[in-house]
Every structure is written in structure tokens, then in C-alpha cells.
Amino acid sequence: MNISRYEVAADSLAWRCDPAQFEFDCTEELAPLHEFIGQDRAIRAIEFGLSMDRDGYNIYLAGLTGTGKTSVARTYIAKLIEQRRERDETYQVSDWCYIYSFSQPDRPRMVKLPKGGGKVFRDDITTLLQHLRRDLAKAFSSEEYKAQRKAIVDESQSRQQEMFNELRSEAAKKGFLIQTTQAGLALVPIKDGKALSQDEFMALKERERAKIEKARDQLRKEMESLFEGAHEIERNAAERLQESDRQVAEHTVARLYDGLSNKYADAPAILQFLNELKSYTLDKADSFKSPQDEKSEGLLGLALDGSRFGPDPFLPFQVNVFVDNSATEGPPIVTETNPSYVNLFGKIERKFMLGGYISDHTMLKPGALHLANGGYLLLSAADVLMSPAVWPALKRALKTRELGIEEPFEQLGLVAPQGLRPLPIPIHVKVVLIGDSSLYQLLSMYDEDFWEIFKVKADFNYEVSRTSDNMQAYAAFIAGCCVDCELKHFDRSAVGRVMEYASRMVANQEKLSSRFAFIKELVEESEYWARRENAGLVSAEHVQKAIEERRFRHNLPDERLQEMIGEGTILIDTRGSVVGQVNGLSVYSMGDITFGKPSRITCRTYLGRDGVINIEREANLSGSSHDKGVLIMAGYLGWRYAQDAPLALTASLCFEQSYGGVDGDSASCAELYALLSSLANVPLRQDIAVTGSINQRGEVQPIGGVNQKIEGFFNVCRAQGLTGTQGVMIPSRNLRNLTLREEVVDAVRKGEFHVYVVDSVEQGIEILSGMTAGVKRTDGTYPPRSINGRVIAELRSMAAKLKAYQGARPDESTGKA
């Protein structure tokens with residue numbers, strides 16, 4: 001039988017770029033590309049999302065790695081900012097500062113200032129403190145103040161001394177002497193001008209002792225009254241001293257605070273803070289009496305100022321410039337590569353002091369969401385979802401449009417140390433999540449909040465049409481890589497070879513890959529080999545060298561499988577014909593490399609009613625897609641051969657020497673051919689491998705990995721020796737997916753290897769068996785010497801044998817046939 005009509009010409013096995021179509025000799029003549037190729041859909045979505053200033057219109061960038069999602073986002077954010085600047089539109093970019101809260105010290109307050117105003121405000125408060133300490137120390141050290149203070153103290157002490165003298169005189173009149181002891185003042189009775197000892201006192205008559213005790217009790221009451229009066233004098237003196245300090249401080253403080261109040265008259269929150277800070281200064285005037293450079297020293301010379309071993313009296317004067325946009329041009333664009341809870345939402349630092357941890361408003365640190373306030377934040381969706389507690393907190397912040405700083409321990413349900421609870425700040429930020437399409441679909445289906453906060457999807461295509469404009473843009477992209485990375489430029493043949501590789505990446509002769517990150521890698525590696533040869537330009541040979549070297553670095557698993565086939569450990573025949581046996585093709589994906597490998601598929605048929613038995617499934621080595629393919633094949637058998645009588649057979653299908661599992665339906669064609677071969681007792685060619693899936697009508701459907709499968713069988717045939725008859729049979733609908741390596745194309749061109757395409761099972765069985773499949777005649781029969789005729793005959797024979805066997809079996813209840 002002539003099967004040449006199914007053969008594919010060598011020129012159709014891959015797209016080859018003709019360098020003559022380019023109007024340049026090398027990429028140095030081209031302007032570097034500053035646009036993005038083939039991403040119009042995604043770009044329109046990004047432009048819409050960035051321009052839509054409404055709640056929830058954050059953007060999700062969906063697409064494969066290397067399609068330029070982050071670069072496109074940053075480029076169009078910068079472009080939008082520039083357009084708004086040209087229209088003189090203002091931006092809501094502000095500085096944010098945390099300040100001390102006098103009413104709730106554990107809840108620091110946040111103040112908003114114009115861009116660059118945070119540092120100015122902090123410096124103003126720092127300067128205010130310096131002037132207060134200097135001027136108040138000077139005022140409190142003046143002779144006038146000292147004299148006024150001394151007068152109050154002297155007057156207080158004089159009044160207390162007078163009261164004590166009066167008590168002493170009254171005690172002497174009543175026969176007592178006031179003595180100072182370690183326990184305080186004591187009333188000692190005297191007799192004949194002499195103080196009585198305890199023994200002398202006890203020697204007195206009882207009546208006289210009682211009289212003395214009564215007088216002592218009266219004096220003791222008068223003494224207590226005197227003490228109360230003395231304490232009252234001390235309190236009055238302290239109040240007068242404090243009032244004196246306040247008057248001196250207020251005279252000095254007023255002029256310092258008035259200047260700042262005028263400066264920040266348009267900021268009510270700052271005015272309130274300044275008024276509270278002024279009151280605090282007057283109440284804590286004692287803290288300003290010492291010169292700034294004086295510090296008391298204790299044991300071992302350690303400073304004993306409050307900042308080291310107690311509450312810092314000057315803490316309210318410290319301003320935490322939480323978000324500083326003074327150096328930011330336009331809205332901030334923040335890319336957080338590690339979106340942990342702390343990095344995204346900020347943290348509260350602590351310091352160890354005297355056996356414990358303390359914190360204050362100066363230890364609050366911002367996160368990426370704070371820094372991006374008023375601008376744009378770019379995040380990896382996968383990283384956000386994998387970081388504990390980040391995704392719920394991010395959704396909450398975007399929905400409420402405010403952001404506080406909380407302990408990450410509390411978000412995880414753990415007990416956190418008692419600390420600060422800073423007041424939240426309002427946020428207005430456009431979040432751009434970067435991930436793949438599958439993650440977007442999962443979030444859309446299972447997270448009801450996702451649609452509310454990420455209303456814009458920008459879907460990046462991984463391939464673009466191979467038009468002349470896109471090819472020109474590809475060349476300009478390569479030129480841009482050469483300029484940006486300071487590489488040697490590419491000649492037109494090298495540019496064409498890069499495009500051929502881009503076509504193979506998407507396995508489509510009419511498309512080019514838009515995963516430009518991987519194209520850039522190829523450009524860099526090709527230039528490396530050109531530089532090693534001291535070539536002036538990168539040529540197609542250098543690009544091919546880079547492709548081959550990359551494959552060599554990763555294809556060790558492929559080589560080991562080829563060695564096992566060559567050694568006979570894995571049984572693969574590439575010559576002769578065998579009944580019920582065919583070479584199927586499978587693809588192995590190792591993450592960094594994908595390669596094809598032939599697998600021996602066998603089928604054995606015998607009497608029974610079990611139908612098709614999938615041995616892989618029975619051994620739990622079959623995936624759901626492969627199970628489906630076997631069931632579809634069984635459906636085809638019933639439709640084709642069981643219209644008049646039920647199938648009376650058992651057929652076992654097996655992937656020989658397969659121990660790691662089988663999935664996918666691309667072997668369903670090969671399994672059907674093996675089954676038909678076994679039924680018809682017709683041998684199948686072992687020098688032709690088969691791939692393709694079928695439907696219940698017997699139509700051959702396209703499959704994936706066609707290039708790797710063909711090349712995998714070619715490598716086995718080449719290792720065992722090319723005979724000129726070997727080849728691969730694929731679905732005709734995969735013809736445009738052929739982007740085979742040059743060595744395979746050359747072998748086909750020389751007639752050493754062949755690629756056949758089929759549309760139906762009938763065409764495939766004819767190629768493998770050399771016999772016609774057979775067309776159903778008007779009487780419902782097939783030609784007896786055709787494949788279908790032989791299969792029908794065998795099925796009827798098996799049915800008859802099974803019926804006869806069952807009829808001959810004795811009835812178990814009667815023992816009769």
C-alpha cells in the first residue's frame with residue numbers, strides 16, 4: 001500500500017526565517033524597542049485600571065512568567081504620572097508623622113503634613129526643645145529667681161521654727177522637755193530642772209505618774225496639730241515655688257511656642273499638639289532646670305538621667321517621621337519583593353530595659369503599604385497568599401481604606417506582649433497583584449471579597465502572531481537588549497534564528513513567544529559564545545550554539561533514558577512488525593526540560609465479557625485523562641463493531657515497563673491500533689511510532705508535545721541505526737505545531753526518517769499494517785481481507801465460542817447441560 005500521501009514534506013516540519021526579508025544587516029541599525037509586543041489587551045486593561053480612581057479598581061496581572069507583567073505595569077504607571085504632570089494635575093502625596101498622645105500614651109497620634117513637611121516639623125520640635133532647655137535653664141539659674149525662691153523657702157522655714165519654739169515653751173511650762181530621737185520627737189518629763197530617766201519615772205508615785213501622762217497626752221495632741229500646720233506650710237511653700245517656676249517658665253515658653261503656633265496655624269492637629277506640649281512643659285518645668293550637658297553620675301559613672309533608667313521627660317518632644325516623601329518625585333511606586341506581614345504593614349520595635357521591653361511612638365516603623373500611600377504598590381500574588389495573615393489584612397486595609405500597625409502575633413491568634421496601639425492612618429493606594437491565571441481563577445471562585453477589591457484583570461498572552469510588524473518589533477527588542485546589556489549586536493541571520501526559537505517555544509509555526517525574559521536569556525547566552533570566538537557580530541551559529549549548550553546542561557535525564565533503551569534495559573523495537581504491539585509516544589516534563597520517549601504498548605485479547613482492561617488503572621498508575629481515553633476507545637469499539645451483537649471479548653492494555661504512572665489521552669490511538677492488531681491478528685510496524693487521541697467517531701485529535709515526541713523517537717532510531725523506513729505518525733491537526741530541530745528536518749529531507757499525518761483511525765491502521773481498513777458495504781459487512789473485516793470475523797468467532805462454552809456448561813442446580 002502506498003502511504004506516501006500521508007507523508008509530510010521536510011519544509012513543513014518547521015518554520016524557517018529567511019534573513020533576506022530583513023532590511024537591516026545587524027541590530028545596531030535599529031532603534032531599541034520601547035513598547036511591548038502583542039499585549040494590547042493587557043495594556044488596555046492596565047490603562048483603565050490605573051485611570052479609574054474608584055474604590056476596588058485594583059489590578060490583577062495574569063500571565064505566565066517572563067511575559068513582562070511587572071515591566072509593563074511600571075512603564076504604564078510612569079507614563080500615567082507623566083501625562084498627569086503635563087496636565088498640571090496635583091497628587092495627594094503627603095508626609096505622615098507619629099507624635100506623642102498626652103491623653104492616651106499607648107495610642108500615638110498621626111498627623112498629616114505636605115510633602116517634605118515631616119522633616120521640617122520634626123526639626124522644629126527638636127529646635128524648640130533645645131531652646132527650651134537652654135532658656136529655661138538660664139531663667140532658673142538667675143539671681144532674681146534664686147532670691148525669690150530663697151525668700152519663699154526662708155519664710156516657710158521661719159514659720160515652722162516659730163511654731164516649734166511655741167511648742168517647746170508650752171512643753172517647758174508643763175514640765176516637759178522635747179528631745180529628738182531616732183524615732184522622732186519625744187516628750188521627756190523634768191523634775192527640779194532635770195530630765196527623768198525611765199527608772200526615775202517608774203519610781204514616782206502612781207498618782208504623780210498619772211498626772212504626768214495626762215499632761216503628756218495633751219502635749220502630744222498639740223504636737224500633732226503643730227505637725228499638720230508645718231505640713232500645710234510646706235505644701236503652701238511647694239505650691240508657691242511651683243507657681244513661681246510656672247511664671248518664670250511661662251514667660252520664657254510663651255514666645256517660643258507662639259512662633260510655632262503661627263507657623264502651623266492651618267494644621268489643627270498640630271496646634272492641639274503644641275498646646276498640649278506647652279502645658280506639659282510648664283508642668284514639667286523642673287526637668288529643664290539643669291543645663292543640657294549636666295548629667296548626674298551614680299555607681300561606676302553610669303548616667304542617671306531619665307532617658308536611661310526611667311521615663312524620658314523629653315519623649316513628647318520627639319517626632320517620628322513615619323513616611324517621608326520629601327525625595328519622592330510624583331506618586332510613590334513601591335515594589336515589595338518579600339511581602340511578609342511586617343514588611344507590608346509595618347512593625348512596633350521594642351528595646352530591653354531593666355528586665356523588660358518598652359516601646360514608644362518613635363519605634364514605629366512603616367511597611368510597604370504605608371510607603372506607597374498616595375501611589376502604587378506592586379506585589380506577587382503567590383508571595384502574598386503564602387505569607388501568614390497577609391492576605392486577610394491586605395483585603396481589610398483596601399476595603400476600609402485605613403491602615404494601622406498591629407502585632408503579627410495577634411493576627412495568628414497568639415498572645416502578644418502589652419504594647420502600643422497606634423491610631424490608623426487613611427490610605428489611598430492602587431495595588432497591582434502579579435500572578436498567573438490559575439491563581440486568579442481560584443481567588444475568583446473561592447474568595448468572595450476578591451471581586452470587590454480587584455475589579456480589573458489584565459491578561460497577558462504568552463504568544464503573538466508572526467506578522468511582519470511583530471517580527472520587526474522582535475528585532476528591535478533584540479537591539480534593545482544589546483544596548484541595555486552592552487552586548488555585541490546580532491546580524492540578520494542571528495535575529496532569524498532567535499525568532500525560530502521563539503516559534504518553537506510556543507510550538508506554533510504561525511506564532512512567536514511573548515515570554516521575553518527567556519528570549520533575553522537566549523540573547524545574552526548567544527552573545528557569550530560570540531565573545532568567546534572574538535566575533536564582531538552574533539550570528540545564527542552562535543544562537544544555535546547557545547540553544548544546544550542549554551539543552552546539554554539540562555538533558556541528563558533524557559540521555560539516561562536513551563542509554564537504557566540502547567542497552568536493552570527498556571525494550572523498544574524500531575524494526576519489524578509485531579501483532580498486538582505498537583510504539584506509543586509520551587512526554588516527560590522535569591520542570592527545566594521537556595523531552596519525549598517511546599513506550600511499548602501491548603494488547604492481548606481473549607474470550608470473556610470484561611471488555612477493555614486498563615492494566616495501568618488496575619495498578620493505580622493511570623491518571624484520569626488516560627482513563628477517559630481508554631473509555632472513549634471502548635465506546636468507539638462498541639459503535640464500530642457491536643451494532644448487531646454485543647462485544648464478547650476481554651482485552652488487556654498495558655504500557656510495558658511503565659512504573660511512574662501514565663496520564664493524558666494522547667496514547668488512545670496507539671492503544672486502539674494494538675487492540676485491532678490483536679483482534680485481526682495483523683502485525684503492526686514497529687518502525688513507526690504513534691501519538692494522537694481519538695473521539696468515539698474514530699477521528700484523530702491533536703495532542704501536546706508533538707515536537708518532543710517526534711524528536712524522542714528519532715533519537716532512539718538514530719541510536720539503533722536509521723533504516724530509511726522509520727518515522728512517526730501524528731494527527732494532521734498538529735501540522736502547524738511542528739517546529740522540529742534541524743537534524744530531524746535534514747533526516748526527513750534525506751529520506752532517512754518520515755513524519756505521517758492522519759485524520760482518522762482507518763488511515764492510521766492502514767499505515768501501520770499495510771492493509772486497507774475496509775469500508776462498510778451496503779449489506780453491513782466489511783471486505784473479508786480488510787482490517788475491519790478480520791476484526792468482525794474474530795469478534796463473531798469469539799462470541800460463538802463463548803456461547804457454545806456457556807451452553808455446554810452444566811447447570812449448577814440440576815447438573816445438566
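Here is a walk through this structure, from its nonpolar cores out to its surface and its salt bridges.

What you're looking at is a predicted model, in which local features need pLDDT of at least 70 and side-chain atom pairs count only at pLDDT 80 or more, while totals for chains, interfaces and linings use all residues. Residues are numbered from 1 along each chain as its sequence is written, and side-chain values use heavy atoms, with hydrogens and water left out.

Let's start on the inside. In soluble globular proteins, nonpolar side chains tend to be buried together. The largest nonpolar core here has 47 residues, and Tyr 673 and Met 729 touch the most other members. A nonpolar core, by the way, is a set of buried Ala, Val, Leu, Ile, Met, Phe, Trp, Tyr and Cys residues joined through side-chain atoms within 4.5 Å. Buried means under 20% relative accessible area, exposed means over 50%, and partly exposed is in between, using a 1.4 Å probe and protein chains only. Several elements each supply at least two residues of this core, among them strand S22 (594-606), helix H22 (624-641), helix H23 (668-680), helix H26 (761-769) and helix H27 (787-808). H23 gives the most, with nine residues. (Helices, H or I with at least four residues, and strands, E with at least two, are DSSP runs numbered from the N terminus.)

Zoom in on Met 729 and you'll find contacts with Tyr 673, Ile 688, Ala 689, Val 690, Tyr 756 and Leu 768, among others, leaving out residues up to four places away in sequence. Contact here means heavy atoms within 4.5 Å. There's also a second, separate core of 41 residues, which includes Phe 322, Ala 372, Ile 405 and Phe 450.

Now follow H27. Its 22 residues should span 32 Å at 1.5 Å a residue, and its end C-alpha atoms are 31 Å apart, so the two agree; the expected span is 1.5 Å times one less than the number of residues. Buried residues of H27 include Ile 787, Val 791, Leu 795 and Leu 802. What covers the buried residues of H27? The cover includes S22, H22, H23 and H26.

A few single residues are worth a stop. Arg 497 sits in helix H17 (residues 492-505), and it counts as buried because its relative accessible area is 18%. Beyond residues up to four places away in sequence, Arg 497 touches Ala 540, Val 543, Gln 544 and Ile 547. Asn 737 lies in the loop between strand S29 (727-731) and helix H25 (742-749). Is Asn 737 buried or exposed? Its relative accessibility is 17%, so Asn 737 counts as buried. Leaving out residues up to four places away in sequence, Asn 737 touches Ala 507, Asn 508, Val 706 and Asn 707.

Lys 520, in helix H18 (residues 516-532), is partly exposed, with a relative accessible area of 33%. Lys 520 and Ile 478 are 42 residues apart in sequence, yet their C-alpha atoms are 7.6 Å apart in space. Leaving aside neighbours within four places in sequence, Lys 520 is in contact with Phe 477, Cys 481 and Cys 485.

Next, the surface. Leu 442, Met 445 and Tyr 446 form a nonpolar patch there, with about 390 Å² of accessible area together. Patches are made of residues with over 30% relative accessible area and no salt bridge, with like charges joined within 9 Å and nonpolar side chains (Val, Leu, Ile, Met, Phe, Trp, Tyr) within 5 Å. The areas come from the Shrake-Rupley method with a 1.4 Å probe, and for residues only the protein chains shown count as cover. Met 445 belongs to helix H14 (residues 437-446) and is exposed, at 58% relative accessible area.

A salt bridge is a side-chain nitrogen of Lys or Arg within 4 Å of a carboxyl oxygen of Asp or Glu. Asp 447 and Lys 395 make one, at 3.0 Å from N to O. This pair links distant parts of the chain, 52 residues apart: Asp 447 is in the loop between H14 and helix H15 (450-453), and Lys 395 is in helix H12 (residues 390-400). Both Asp 447 and Lys 395 are buried. Arg 553 and Glu 525 form another salt bridge, at 3.5 Å from N to O, joining helix H19 (residues 540-554) to helix H18 across 28 residues.
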